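Hi,

Here's the structure I promised to pass on.

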Amino acid sequence: MASYSIASGGTLTITQPLTVGMNIEFLNNTDDSGVLIFTNGAMGVNTATVNGTLSTSAYFGGTVLNFQPWNYGIPGDQVTLQVIKSLFSELDVASTAAADNAEFAGFATLAAASADTILIVDGTVRPGPGTPFTLNANEQHIIDEMAVGLFGSAANSATLVLSFSDIRENPNSNHPYIDGVFVTDTPVNPCFVSGTRILTPRGEVPVEELREGDLVITHEGEERPIIWIGRREVEIATQLRPELVRPVVIEPGALGDGIPAHELRLSPDHALYLDGMLVPAKALINWANIRQDHGARRVTYYHIELLCHGVIFAEAAPVESFLDTGHRSVFDNAEDAVIALPAAMQARREAESCAPLCTSGPELETIRQRIASRMVGIRLSR
């Protein structure tokens with residue numbers, strides 16, 4: 001249970017460690033992200049000697065909850081640690097601490113000037129793509145202590161990104177403050193649930209039966225070959241935020257006469273082609289004829305990649321094909337283990353998408369109202 005909450009678009013500043021168990025929760029009830037700031041000294045440091053070895057850990061009195069990832073160009077929540085070099089120094093009690101502190105201070109200054117990052121992926125700390133420095137084992141351990149001190153086990157459940165900034169001026173020194181900014185760029189991939197039937201020249205075929213080289217029918221009526229099929233199994237109950245992966249269920253006729261022709265099940269971020277725009281399925285949820293499946297415990301997702309991003313048909317509904325924006329590695333059968341950073345993914349999404357993305361605004365409201373009117377019409381006709 002949270003003791004403090006951060007409204008969407010809001011900012012909370014912590015100036016000293018809180019009482020143990022006082023968690024902080026991001027509410028995220030709109031598209032506006034929240035910001036949590038820890039001033040210097042707001043995170044405490046525990047020190048203990050275990051089997052003769054001195055160790056430290058970071059804490060603020062609770063855990064950060066409901067930390068929203070970046071998604072489809074919508075910025076995620078942020079946690080800022082002011083004067084991260086000082087916190088690093090407090091946490092470092094290794095025999096190499098003096099050298100490590102000096103080296104990390106240099107890394108942070110360099111990173112702040114060049115927008116470099118450190119990734120924490122499944123509990124493994126490493127520099128981000130293109131970062132011109134490496135961290136030794138002790139430096140990686142200290143960064144992980146910061147993440148665990150903030151997010152608890154959540155630090156091992158997502159791809160956390162630690163970026164650096166020097167936006168605050170220090171009037172008492174030639175050296176600027178260096179803030180560490182935690183975000184998460186774990187992408188939620190758009191996918192079809194197994195069993196979804198895709199339109200091909202030989203009829204509708206369950207997505208799991210398709211193979212690379214098979215042809216599918218596009219919205220323009222063209223026959224285009226599949227160049228790759230991604231597959232991912234998801235245990236929903238083990239997810240940090242299960243609503244991000246629960247299938248969205250679209251009932252027959254919810255989008256138009258015969259659209260979809262049968263029940264359509266997509267991942268929340270899979271976009272449908274409506275009114276010339278790509279609309280994520282989650283943006284259409286009304287808990288009547290479009291809802292999330294809270295009974296699903298495990299789901300197998302598939303996606304289809306064509307030579308270029310396009311619109312295909314799933315259960316007669318127009319939906320997007322796979323667009324690789326640098327997140328192919330979220331699939332179990334991907335060969336590439338690298339996930340691109342949010343800015344790079346967004347740039348590719350905008351440059352290579354077959355249609356503009358619609359996640360809010362009057363256009364989306366028009367579509368939602370049309371879906372609602374169809375629901376009423378269907379009920380009246382029964």
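**Aromatic pairs, a sheet and a helix contact**

W228 and F322 are both buried. Keep in mind that this is a predicted model. The ring centres of W228 and F322 lie 5.7 Å apart with the planes at 45°, so this pair counts as tilted.

Searching the whole structure turns up eight aromatic pairs. Another one is F107 with F133: centres 4.4 Å apart and planes at 10°, so that pair is stacked. It links distant parts of the chain, with F107 in helix α2 (residues 97-114) and F133 in the loop between β10 and α3, 26 residues apart. Both F107 and F133 are buried. There's also an aromatic cluster made up of F26, F67, F151 and F182.

On to the sheet. It's an open one of seven strands, ordered β2-β4-β8-β12-β11-β9-β10, with mixed pairing. At the edges are β2 (11-14) and β10 (124-127), each pairing on one side only. From one strand to the next, the twist averages 20°. Strands β9 (residues 117-121) and β11 (residues 159-165) run antiparallel and are joined by five bridges; I120 has L160 in β11 as its bridge partner.

Last, the helices. α1 (residues 84-91) packs on α3 (residues 137-151) at about 110°, axes 10 Å apart, which makes α1 roughly perpendicular to α3. I84, L87, F88 and L91 of α1 meet E139, I142, I143 and M146 of α3. By type, the contact residues are seven nonpolar, no polar and one charged.

Cheers

Definitions and conventions: Residues numbered from 1 in each chain as written. Predicted model: local features only at pLDDT ≥ 70, side-chain atom pairs only at ≥ 80, totals over all residues. Heavy atoms only, no water. Pairing = 2+ DSSP bridges. Helix = DSSP H or I, 4+ residues; strand = E, 2+ residues; numbered from the N terminus. Axes fitted to C-alpha atoms, helices over the stretch in contact; angles between N-to-C directions. Parallel < 35°, antiparallel > 145°, perpendicular 65-115°, else oblique. Contact = heavy atoms within 4.5 Å. Nonpolar A, V, L, I, M, F, W, Y, C, P; charged D, E, K, R; others polar. Phe/Tyr/Trp six-rings, centres within 6.5 Å; stacked < 30°, edge-to-face > 60°. Buried < 20%, exposed > 50% of the residue type's maximum accessible area, 1.4 Å probe, protein only.
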